[in-house]
Amino acid sequence: METSLIFFSHLNMCESKEKTFFKLIHGAAKEETSKEAKIRAKEKRNRLSLLLQKPEFHEETHSSRSGHFTKETRVSPEEAVIWAESFDKLLSHKDGLETFTRFLKTEFSEENIEFWKACEDFKKSRDPQQIILKAKAIYEKFIQSDAPQEVNLDFHTKELITKSITQPTLHSFDAAQSRVYQLMEQDSYTRFLKSDIYLNLIEGRPQKPTNLRRRSRSFTYNEFQDVTSDVSIWL
């Protein structure tokens with residue numbers, strides 16, 4: 001009888017150890033699978049990142065846009081020359097605005113013109129709910145700290161916007177827009193007038209595809225206009 005008890009006790013201990021062993025093996029396997037999945041996901045992200053950095057990738061995606069721009073707008077040298085008269089004349093001309101935006105993308109500073117255009121659209125809002133939603137969208141995309149396309153503003157200007165964002169008015173971003181306008185006029189506009197993009201236009205040379213080495217991680221002006229049809233994209 002005693003021998004039987006010892007045998008069964010030993011058997012139970014073996015079973016317990018075996019269960020513990022299988023649990024450890026199963027857990028290790030799950031952990032290994034999880035690690036492998038993370039590694040594979042990381043490798044995919046790295047491959048995608050490398051793909052986006054390849055010039056030929058952007059030549060293909062953006063050359064079609066450049067070709068469309070040249071074919072559809074057909075900006076004459078005479079029209080392009082007018083853009084050099086003032087920054088305001090450049091922005092007030094549809095093709096000038098598009099060309100300047102394309103130039104800023106080559107300098108990785110398109111957030112400035114996107115913010116300016118978003119503000120222009122915002123000031124045309126009339127519905128109170130749209131004013132609140134668009135103001136929130138602009139704040140989150142361009143103003144708040146670590147925003148996807150944060151523009152360069154002084155602390156005082158940002159603080160005023162932050163305090164008024166819960167009850168925005170059509171003038172909530174006036175100071176910030178003016179500041180960004182001045183930065184572009186004094187800095188980017190001068191370089192634009194010396195760029196190949198502009199010089200090719202005024203000299204009547206064919207436009208070359210613009211190679212962009214990164215893609216914008218935030219919204220564009222065209223997306224911003226979709227607020228009216230689908231406000232949920234800003235929530």
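H6 passes H9 in a left-handed crossing, a term used when the near helix is turned anticlockwise from the far one by less than a right angle, clockwise being right-handed. The model is a predicted one, in which local features need pLDDT of at least 70 and side-chain atom pairs count only at pLDDT 80 or more, while totals for chains, interfaces and linings use all residues. Residues are numbered from 1 along each chain as its sequence is written, and side-chain values use heavy atoms, with hydrogens and water left out.

Helices here are DSSP runs (H or I, at least four residues), numbered from the N terminus. Helix H6 covers residues 110-122 and helix H9 residues 174-192; the two pack at an angle of about 140°, with their axes 10 Å apart. That makes H6 oblique to H9, since angles under 35 degrees count as roughly parallel, over 145 as roughly antiparallel, 65 to 115 as roughly perpendicular and the rest as oblique. The axes are lines fitted to C-alpha atoms over the stretch in contact, and angles run from 0 to 180 degrees between N-to-C directions.

Which residues of H6 meet H9? From H6 come Asn112, Ile113, Phe115, Trp116, Cys119 and Glu120, and they meet Ala176, Gln177, Val180, Tyr181 and Met184 in H9. By class, this contact has eight nonpolar, two polar and one charged residues, where Ala, Val, Leu, Ile, Met, Phe, Trp, Tyr, Cys and Pro count as nonpolar, Asp, Glu, Lys and Arg as charged, and the others, Gly among them, as polar.

Serine 188 also lies in helix H9. At 5% relative accessibility, serine 188 counts as buried (under 20% relative accessible area, with exposed over 50% and partly exposed in between, for a 1.4 Å probe and protein chains only). Leaving aside neighbours within four places in sequence, serine 188 is in contact (heavy atoms within 4.5 Å) with Phe100, Phe103, Leu104, Glu107 and Leu183.

Aromatic rings come next. Rings of Phe, Tyr and Trp (its six-membered ring) pair if their centres lie within 6.5 Å; planes under 30 degrees apart count as stacked, over 60 as edge-to-face and the rest as tilted. By this rule the count comes to 10 aromatic pairs. The rings of phenylalanine 87 and phenylalanine 100 have centres 5.4 Å apart and planes at 75°, so this pair is edge-to-face. The pair links distant parts of the chain, with phenylalanine 87 in helix H4 (residues 87-92) and phenylalanine 100 in helix H5, 13 residues apart. Phenylalanine 87 is buried at 1% relative accessibility, and phenylalanine 100 is buried at 0%. Phenylalanine 122 and phenylalanine 173 form an edge-to-face pair, 5.3 Å centre to centre with 80° between the planes. Here phenylalanine 122 sits in helix H6 and phenylalanine 173 in the loop between H8 and H9, 51 residues apart. Ring pairs also link Trp83, Phe87, Phe100, Phe103, Tyr181, Tyr189, Phe192 and Tyr198 into a cluster.

Finally, the backbone. Most residues other than glycine have a negative phi. Phenylalanine 108, although not a glycine, has a positive phi of about 60°; its place is in the loop between helix H5 (94-106) and H6, and at 32% relative accessibility it counts as partly exposed. Aspartate 146 has a positive phi near 65°. Its place is in the loop between helix H7 (128-143) and helix H8 (155-164), and at 72% relative accessibility aspartate 146 counts as exposed.
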